[in-house]
Amino acid sequence: MKLVKAIVRPSRLPDVLRALYAADITGLTVSRVRGHGGEVEVVETYRGTTVKMEMHDKVMIDIGVSDTFVDIAVDAICGSAATGNVGDGKIFVLPVERVVRVRTGEEDVAAVTPVR
Ligand SMILES: Nc1ncnc2c1ncn2[C@@H]1O[C@H](COP(=O)(O)OP(=O)(O)OP(=O)(O)O)[C@@H](O)[C@H]1O
Ligand SMILES: [Mg+2]
């Protein structure tokens with residue numbers, strides 16, 4: 001199992017959710033976050049050079065998936081979140097040790113949605 005952690009533009013969220021749903025991926029968590037990417041904003045001041053890190057509003061989508069769904073999720077997100085401009089976002093894939101469905105006690109691949 002893996003946790004697919006995607007940080008994307010808030011304006012792309014509806015399309016990303018649609019693409020994930022179309023790929024049978026419905027178990028997810030969405031959070032509003034602020035972040036900074038690889039860009040460097042340099043501000044010249046009279047005392048010298050200052051680097052300013054501006055925080056941008058983003059949404060983070062956490063999706064627990066079985067291994068077979070990792071590429072499906074990543075492709076769905078890339079295809080729906082991209083505008084072609086800097087700041088389109090980033091996807092991290094993390095190993096997951098254990099998943100438990102509270103209602104049934106099912107664990108691991110049986111507990112992530114969906115199972116294939
Ligand atoms: N290395 C990182 N670690 C954690 N979060 C990151 C990292 N890089 C980007 N992020 C998060 O992803 C958001 C979007 O990043 P962004 O798309 O600007 O990445 P980038 O590497 O600068 O790519 P681009 O050149 O397309 O802008 C950031 O605002 C931040 O929240
Ligand atoms: Mg960037």
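**Salt bridges, a helix face and a pocket**

Aspartate 108 has a relative accessibility of 28%, so it counts as partly exposed. The model it comes from is a predicted one. Aspartate 108 belongs to the segment after β6. Its phi is near 55 degrees, which is a positive value in a residue other than glycine. For background, most residues other than glycine have a negative phi.

Aspartate 24 follows α1 and sits in the loop between α1 and β2. With a relative accessible area of 41%, it is partly exposed.

That brings me to α1 itself. Which residues of α1 are buried? They are Leu13, Val16 and Leu20. Looking down the axis of α1, these buried residues fall within an arc of 60 degrees, so they line one face of the helix.

Arg18 is linked with Arg12 and Asp15 in a network of salt bridges. Within that group, aspartate 15 forms a salt bridge with arginine 12, and their closest N and O atoms are 2.8 Å apart. Aspartate 15 is partly exposed, because its relative accessibility is 28%. Arginine 12 is partly exposed as well, with a relative accessible area of 22%.

The next pair is aspartate 62 and lysine 5, whose side chains meet in a salt bridge at 2.9 Å, N to O. This pair links distant parts of the chain, with aspartate 62 in strand β5 and lysine 5 in strand β1, 57 residues apart. Is aspartate 62 buried or exposed? At 14% relative accessibility, aspartate 62 counts as buried, because the cut-off for that class is under 20%.

A further salt bridge joins arginine 101 to glutamate 106, with the closest N and O atoms 3.0 Å apart. Arginine 101 has a relative accessible area of 21%, so it is partly exposed. Glutamate 106 is partly exposed too, at 32% relative accessibility.

Now the loops. Proline 10 is in the loop between β1, residues 2-8, and α1, residues 13-22. Its relative accessibility is 39%, so it counts as partly exposed. Which residues does proline 10 touch, leaving aside those up to four places away in sequence? It touches Asp57, Lys58 and Val59. Proline 10 and valine 33 are 23 residues apart along the chain, and their C-alpha atoms are separated by 9.6 Å.

Glycine 38 is in another loop, the one between β2 and β3, where β3 covers 41-45. Glycine 38 is exposed, because its relative accessible area is 71% and the class starts at over 50%. Glycine 38 and glycine 87 are 49 residues apart in sequence, yet 8.9 Å apart in space, C-alpha to C-alpha.

Glycine 87 takes us to the last item, the largest pocket. How many residues line it, and which lie nearest its centre? The lining has 17 residues, and those nearest the centre are His36, Gly37, Lys58, Gly87 and Gly89. Two or more lining residues come from each of β2 (29-35), β5 (56-65) and β6 (89-95). The volume of the largest pocket is about 340 Å³. What is its lining made of, by class? There are four nonpolar, seven polar and six charged residues.

Terms used:
Residues numbered from 1 in each chain as written. Chains lettered and ligands numbered in written order. Predicted model: local features only at pLDDT ≥ 70, side-chain atom pairs only at ≥ 80, totals over all residues. Heavy atoms only, no water. Helix = DSSP H or I, 4+ residues; strand = E, 2+ residues; numbered from the N terminus. Buried < 20%, exposed > 50% of the residue type's maximum accessible area, 1.4 Å probe, protein only. Contact = heavy atoms within 4.5 Å. 1 Å grid on protein atoms, 1.4 Å probe; cavity = no way out; pocket = protein on both sides within 12 Å on 5 of 7 lines; lining within 4 Å. Points joined across faces, edges and corners; volume = space filled by probe spheres on them. Nonpolar A, V, L, I, M, F, W, Y, C, P; charged D, E, K, R; others polar. Arc of directions from axis to C-beta. Salt bridge = Lys/Arg side-chain N within 4 Å of Asp/Glu carboxyl O.
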